[in-house]
Amino acid sequence: MDLEKQPQQPTAPADTDVIRASDADRDRIADILREALAEGRLTADEHAERIDSVYRAKTVGELEPLVRDLPSPRGEPRAATGAPYGYGPEQSTGPAENLVAIFSSSTRRGRWRVGARTNAFSLFGSVEIDLTEALFGQRLTVINATSVFGSVEIRVPENISLRGSGTGVFGSFEVRTLESADPEAPVVVVNGYSVFGSVEAKPKRGKFITDLQDRLRKHLDKHLDR
């Protein structure tokens, strides 16, 4: 038999169940989940559960079922005019900002650009995150807060949406839920837990975002001029 005349067998497609997931694969799925939460397709509890599964997944096959019932990010048209909020280029694939306080304190306040993800960890210390003067570069911001014999305090403007879910073990976890009347307002989601400590997220009375679009544009222009 002339082996050279035998038809070549097509290469079988790679089985996603056994392909190892990369960081980029996980971030892509996390982006879809963040967008679904912002649009109200997922509750805060559902989002937290799926995000936890995303970063535990080892293969692409484990990731795909987590977004099978969701559209791709920004897959649906949105109103192009009339929204009082303007967001800069999203940096959701960038590294999360980490605020750590171990027998110490860590504070983030004033005029700063909030990333899509922030991790706050307090061990016999205190972390304070004040978003009342912050610049939101994306609509959805997720804060993962952990307090062990310490405290994490988060303050937001009164006219954004604030959601979250967590657990207190011999401690307290409190998120004072807000729903903005504006569907395009920033959404802050606080997830986590406290052990013999406290995590608290609530609006700061008298603080509002009224000129977010102008503030963000001026912030970006200032850095571009450097």
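Good morning. Please keep in mind that the model before you is predicted. I begin with the chain as a whole. The protein chain has 226 residues, and 42% of them are buried. Its secondary structure consists of four helices and 12 strands. Among contacts with a separation of 6 or more, 71% are between residues 24 or more positions apart.

Five strands form an open sheet in the order E2-E5-E8-E12-E10, and their pairing is parallel. At the edges are strand E2, residues 105-108, and strand E10, residues 172-175, each of which pairs on one side only. From one strand to the next, the twist averages 10°. Within this sheet, strand E8 (residues 151-156) and strand E12 (residues 198-203) run parallel and are joined by six bridges. As one example, Glu 153 has Glu 200 in E12 as its bridge partner.

Where is Ser 161 placed? Ser 161 belongs to strand E9, which covers residues 161-169. Is Ser 161 buried or exposed? Ser 161 counts as buried because its relative accessibility is 4%, and the cut-off for buried is under 20%. Leaving aside residues up to four places away in sequence, Ser 161 touches Leu 178, Glu 179, Ser 180, Pro 186, Val 187 and Val 188. With Ser 180 there is also a polar approach: a polar atom of the Ser 161 side chain lies 3.0 Å from the backbone nitrogen of Ser 180.

Thank you for your attention.

Terms used
Residues are numbered from 1 along each chain as its sequence is written. This is a predicted model: local features need pLDDT of at least 70, side-chain atom pairs count only at pLDDT 80 or more; totals for chains, interfaces and linings use all residues. Side-chain values use heavy atoms; hydrogens and water are left out. Helices (H or I, at least four residues) and strands (E, at least two) are DSSP runs, numbered from the N terminus. Buried means under 20% relative accessible area, exposed over 50%, partly exposed in between (1.4 Å probe, protein chains only). Contact means heavy atoms within 4.5 Å. A polar contact is a pair of N or O atoms within 3.5 Å; within protein, one must be able to donate a hydrogen and the other to accept it, and residues adjacent in sequence count only if both atoms are side-chain atoms. Two strands pair if DSSP finds at least two bridges between them. Axes are lines fitted to C-alpha atoms, for helices over the stretch in contact, and angles run from 0 to 180 degrees between N-to-C directions.
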